[in-house]
Amino acid sequence: MIPFNKPVHLGTEIKAMAEAIERNGHVAGGGPFGKRSEGQLEKMLGQRTLLVTSATHALEMAALLLDLQPGDEFIVPSFTFVSTANAFCLRGAKPVFADVDAHGNLDVDDVARLLGPRTKAIVPVHYAGNSCDMQALQQVCGKVPVVEDAAQALGSTFDGRPLGTFGACGAFSFHETKNIGCGEGGALTLRDASLIDRAEYLRDKGTNRRKFQDGIVDKYTWVDVGSSYVLSDLNAAYLSTQLDEFTRIQARRKALYERYLAELSAPVERAGAYIIQGSARCVGNHHLFAIVFNVPEQRSRFIAHMREHKIVTPFHYIALHQSPMGKGFHDGRSLPHSERLTTNLVRFPLFFNMTDAECDTVIARTREFLDGI
Ligand SMILES: *Cc1c(COP(=O)(O)O)cnc(C)c1O
């Protein structure tokens, strides 16, 4: 069986977790591994970054930081994971669904059409670790804050600048399906320095405990609303080993991705399909290798063919404007690219511990199918 994903396994995770337990004696949040991981992320991103329990929670914190209220609107691509919308819906705000382009990233012209007096946030999703034209998006948004759902995009850049650092805040995920992870985890990065203190209160139950830990105040107390979004140091220990090896992990993903690209580009094109790719201004992180078939029926047959050969090739997402929850917010407008990706896109196995032999098997079985189209 070749699975779609296996969580990155370096072999050093256990040692780091044992160190948290046995040497540090600190397994709650805000411990030595958490601080170290935040430092590593801040070095990569060049701005203040808080380790949190998931990208979903990072997005929830962003919605609280931007003070979204019932009746407010936010613009979000329809083709995304539910959390991108849900985090803001929890505050009573209404999603306005924009379409994406053929490669799954936000259609900036559509954002321009949808922007209105009630728009309080714009939430681009860096699908597959690529992005829309972030410069054009910022021009269209004007003063409306951008929150980047960069859950898939650690290590990617647009015009040389890290994704996640263009907006007021950016959310990253360390779920086991992402390039690096710790089971469940995430990070919130803040470009807008005025949000930092409040983000720390929100993360730590509405208290100024961080200031207490840092010796800035002599006791900590309730100062704001908040919840419990701190990542435990056990998870941070696991994550820190993968942050240490990020370059090596990325290099392996790149090698596998490029093997797929070299071997499958021609047969994919001959079959009338295409490969999901980023623009020339974007350097992606090889989060995902996906192809888009010409018609849905080809995708169904492809998935069945691969399953017969014990290879798992899942699809995603159900466009949010067509979902049971999303329909209630949507005006009925068709979003052709989101709808087409919902029915025609399929994802390939791609993970750090994948062997060359596994990659070759996937390629051979895919070619076999494509040549028969
Ligand atoms: C994975 C993912 C999320 C959710 O991340 P969690 O850390 O599991 O909360 C949100 N948005 C996108 C685009 C994702 O790919």
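Start at the largest pocket, which has a volume of about 520 Å³. A pocket here is an open set of points on a 1 Å grid over the protein atoms alone, where a 1.4 Å probe fits, with protein on both sides within 12 Å along at least five of seven lines. Its volume is the space filled by probe spheres set on the points, which are joined across faces, edges and corners.

Keep in mind that this is a predicted model, where local features need pLDDT of at least 70, side-chain atom pairs count only at pLDDT 80 or more, and totals for chains, interfaces and linings use all residues. Residues are numbered from 1 along each chain as its sequence is written, and side-chain values use heavy atoms, without hydrogens and water.

Now select Phe81, Gln152, Thr177, Lys178 and Tyr317: of the 29 residues lining the largest pocket, these are the closest to its centre. Lining residues have an atom within 4 Å of a point.

Next, colour helix H3 (55-65) and helix H4 (83-89), the elements that give two or more residues to this lining. H3 brings the largest share, three residues. Helices are DSSP runs (H or I, at least four residues), numbered from the N terminus.

Then show domain 1 (13-245) and domain 2 (247-370): both give residues to the lining, so the largest pocket lies between them. The domain bounds come from an automatic or database domain assignment.

Last stop: the second largest pocket, about 210 Å³ in volume. Pick Asn130, Tyr257, Gly278, Gly284 and His286, which lie nearest its centre among 15 lining residues. Helix H10 (residues 246-270) gives the largest share of this lining, three residues.
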